[in-house]
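Here's a quick briefing to read alongside the model. Have the structure open in your viewer as you go through it.

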Amino acid sequence: PFKSVPEIYLRKIDGNWLYSKETVNNIEDLYSETFPLENYSFKNYIPDSLKPKFLGMAIWKYFGLLIFLLLSLVLYRIVSWIIGYFLIKILRKILNNSSVIDNYINPISNPISFLIVISIVSFFLPLLEIPIQFNVWVSNIIKVLYPITLTMIIYRSSDLIADFYSLLAAKTETTVDDNLIPLVRKVIKIIIVILGLLYSLSVLGVEITPLLAGASVGGLALALAAQDTLKNFFGSITIYTDSPFEIGDWIVFDGGEGVVEEIRVRSTRIRTFHNSVISVPNGILADLKIDNMGRRRFRRFRSQIGLTYDTPPDLIDAYITGLREIVKEHPKTKNDYYEIHLNEFGTSSLNILVYIFFEVENWSQELKARQEFMLEAIRLAKELNVRFAFPTSTLHIEEMPGEQSLTPSYSDNRETFFNKAITYVTGRKSKY
């Protein structure tokens, strides 16, 4: 009948369940185990006036319970003081780290003290020999206090595990694992509470197997009813583990772009460049194609510098050489790869292609580096007296009365033109 006491068992004899002979023979041993202290000696000193029964229990036992509770309270104070003062004082000298003690030792000192007092009380309580029905309630309370106190100690100690992983996460380059720590902390505490509750129920004799089976069926029904919520939850796990972006990254996705501001269990909040906030469910975001602009190691800058058509070729060549030197000397440019060339004949300008990369961490630094390069390009143009072109239209009047015509006259033939062209190119061949 009692799983915790297998020595006590029944036998079916002539259709009746009776205590076995072995159980009867073990009564004295079981009694000695239940009442380990000899408790008959102090009964002789109890006054006869306190021996009558009230509500099924002797009056002296009520006073004994009251004294027992007062002594337990005093004992708790003493143990708590010993742990809270002497033990912590010793640990301060050994560990030489007050933050560890304040964060992890102090929160569990009181539950440990309470657990010690419960153990002492459960050992001495049989001295009172309280009636069986009342003893059932007292013993059940003491039984359930054990797992509750242990759960409380483990619950408060779980911060040590989370903080340990926080130290490991702080050493990594990414910030996603830093954001994962609060979620892990909550999950660990929820698991501890659930296991502590199941342990308390099992101590009280409640069969937890049917509860687990019912919970699994209820969990299945809940999962079917909350598919979107679960999808978002697993989407957040995917984001944390796969790490497609971090807080502070500029991302572009189907439906918008902006800077990641917060990654929650259900959704991710993104601050757009209009200063509005987009809340995207993690289940959807995990399936989207994300262009993480924040993880660019180099940021491209492509532009055209237009010079006027009357700029001498040698001056253009000198200006391009100067631009290349600016790129080489700038501390934020990728100076082993860049393209700066006279690129095209524009409608109203000779266009120089500028194709360079900046090695910066964020958009603000990129804009600053762009500004520095562009200002240097302007200063160099001023130094060389290079003029920037802008859209212009020139009106030529071919003939005016009394003026020479602006239309050129060509007297050479086709063969002469070809010879001049080939001679010029051949003479410049070594320059290419």
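Let's start with a lysine: leaving aside residues up to four places away in sequence, Lys189 touches Tyr155, Ser158 and Asp159. Keep in mind that you're looking at a predicted model. The protein chain has 432 residues, and its secondary structure comes to twelve helices and twelve strands.

- You'll find Lys189 in helix 6, which covers residues 176–203.
- Is Lys189 buried or exposed? Lys189 counts as buried because its relative accessibility is 18%, and the cut-off for buried is under 20%.

- Look for an open sheet with three strands in the order 10-12-11, paired antiparallel.
- Strand 10 (299–307) and strand 11 (339–345) are the edge strands, each pairing on one side only.
- Direction ignored, neighbouring strands in this sheet are turned by 25° against each other on average.
- Strand 12 takes in residues 350–358 and pairs with strand 10 over nine bridges, in the antiparallel sense.

- Helix 10 is made of residues 313–329 and lies across strand 10, strand 11 and strand 12.
- Against strand 11, helix 10 runs at about 145°.
- Helix 11 (residues 363–384) lies across strand 10 and strand 12.
- How is helix 11 angled to strand 10? Helix 11 runs at about 25° to strand 10.

- Leu10, Trp17, Tyr19, Val24 and Ile27 make a nonpolar surface patch of about 540 Å².
- One of these patch residues, Trp17, sits in strand 2, which spans residues 16–19.
- Trp17 counts as exposed because its relative accessibility is 57%, with the cut-off for exposed set at over 50%.

**Whole-chain numbers**
- Buried residues make up 27% of the protein chain.
- The accessible surface of the chain comes to about 30100 Å², and carbon and sulfur atoms account for 62% of that surface.
- What share of the contacts with a separation of 6 or more comes from residues 24 or more positions apart? That share is 58% in the protein chain.

Technical notes: Residues are numbered from 1 along each chain as its sequence is written. This is a predicted model: local features need pLDDT of at least 70, side-chain atom pairs count only at pLDDT 80 or more; totals for chains, interfaces and linings use all residues. Side-chain values use heavy atoms; hydrogens and water are left out. Two strands pair if DSSP finds at least two bridges between them. Helices (H or I, at least four residues) and strands (E, at least two) are DSSP runs, numbered from the N terminus. Axes are lines fitted to C-alpha atoms, for helices over the stretch in contact, and angles run from 0 to 180 degrees between N-to-C directions. Contact means heavy atoms within 4.5 Å. Patches are made of residues with over 30% relative accessible area and no salt bridge: like charges are joined within 9 Å, nonpolar side chains (Val, Leu, Ile, Met, Phe, Trp, Tyr) within 5 Å. Accessible areas come from the Shrake-Rupley method with a 1.4 Å probe; for residues, only the protein chains shown count as cover. A salt bridge is a side-chain nitrogen of Lys or Arg within 4 Å of a carboxyl oxygen of Asp or Glu. Buried means under 20% relative accessible area, exposed over 50%, partly exposed in between (1.4 Å probe, protein chains only).
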